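Please keep the sequence and the model side by side while reading.

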Amino acid sequence: YNYFFISIKMIEIISKDDTRIQFDDREAKYSNVLKSLYDDDDENGEKKFNESIPLHYISDKQLQILKSLLQNLVYYNLNQETIKKIDNYDNIYVSIKDILKIREDFTIDNLFKFIDICNFLDIPVLIHILKMKIYTFIDSNTREDIVKMFNIDKELIDDDDSDTIENYVK
């Protein structure tokens, strides 16, 4: 018998709640920040690898959401090229939409915090998906609902300009 082993590097992210979740290199490659930890060479030209990274601004729930979303990106082979073929949030895979569904334990505020996390970790595919989700909110709700949902100061919105609210949120 011939056996071969595939070596998959793992990186562990530690939340502010001390939750530890491991990400393999297929998941980490979606984040330019995490990917750089795999790609950096030390002074001898060898790959260096940081096994654990504490991210004190991310909760255990957010970390679990991040892990689930990255697993879905790997599963569906969504990358910066394939995601461009999905032109609207309604066409995103159901399992991804279920994770990002606004509910009691995942509010609009949580969504925006998650966008911050994806920006910090530089995850372009997730940022693209999250932008599509926000655009869908804007397109499927009334101006009044959007003002309330996104907590927009009504005085900043000119009633005569229908694009103002969309531009403010986008």
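Glutamate 27 counts as buried because its relative accessibility is 5%, under the 20% cut-off for burial. The model in which this value was computed is a predicted one. Glutamate 27 belongs to helix α1. Leaving aside neighbours within four places in sequence, the residues in contact with glutamate 27 are Gln22, Lys67, Leu70, Gln71 and Val74. The C-alpha atom of glutamate 27 is also 9.2 Å from that of leucine 69, although 42 residues separate the two along the chain.

One of the contacts of glutamate 27 is Lys67, a residue of helix α3.

Helix α3 covers residues 60-75, which is 16 residues. From its first C-alpha to its last, α3 reaches 22 Å, close to the 22 Å expected at 1.5 Å a residue. The buried residues of α3 are Gln62, Leu63, Ile65, Leu66, Lys67, Leu69, Leu70, Asn72 and Leu73. What do these buried residues pack against? Their partners are the strands β1 (10-14) and β2 (20-24) and the helices α1 (25-28), α4 (94-99), α5 and α6. After α3 comes asparagine 77, which has a positive phi, near 50°.

Among these partners, α5 packs on α3 at an angle of about 65°, and the two axes are 11 Å apart. The crossing of α3 and α5 is right-handed. On the α3 side the contact involves Gln62, Ile65, Leu66 and Leu69, and on the α5 side Lys113, Phe114 and Ile117. By class, this contact has five nonpolar residues, one polar and one charged.

Helix α5 (residues 108-120) also packs with helix α6 (residues 124-140), here at an angle of about 150° and with the axes 10 Å apart. Because of that angle, α5 is roughly antiparallel to α6. The crossing of α5 and α6 is left-handed, whereas that of α3 and α5 is right-handed. From α5, the contact with α6 is made by Ile108, Leu111, Phe112, Phe114, Ile115, Cys118 and Asn119; from α6, it is made by Leu126, Ile127, Leu130, Lys133, Ile134 and Phe137. By class, the contact of α5 with α6 has 11 nonpolar residues, one polar and one charged. Phe114 of α5 takes part in the contact with α6 and in the contact with α3.

These elements can now be placed in the whole chain. Its secondary structure comes to eight helices and three strands, which follow the pattern β-β-α-α-β-α-α-α-α-α-α along the sequence. Of the 170 residues in the chain, 38% are buried. Among contacts with a separation of 6 or more, 57% are between residues 24 or more positions apart.

Notes
Residues numbered from 1 in each chain as written. Predicted model: local features only at pLDDT ≥ 70, side-chain atom pairs only at ≥ 80, totals over all residues. Heavy atoms only, no water. Axes fitted to C-alpha atoms, helices over the stretch in contact; angles between N-to-C directions. Helix = DSSP H or I, 4+ residues; strand = E, 2+ residues; numbered from the N terminus. Parallel < 35°, antiparallel > 145°, perpendicular 65-115°, else oblique. Left-handed = near helix turned anticlockwise from the far one by under 90°. Contact = heavy atoms within 4.5 Å. Nonpolar A, V, L, I, M, F, W, Y, C, P; charged D, E, K, R; others polar. Expected span 1.5 Å × (residues − 1). Buried < 20%, exposed > 50% of the residue type's maximum accessible area, 1.4 Å probe, protein only.
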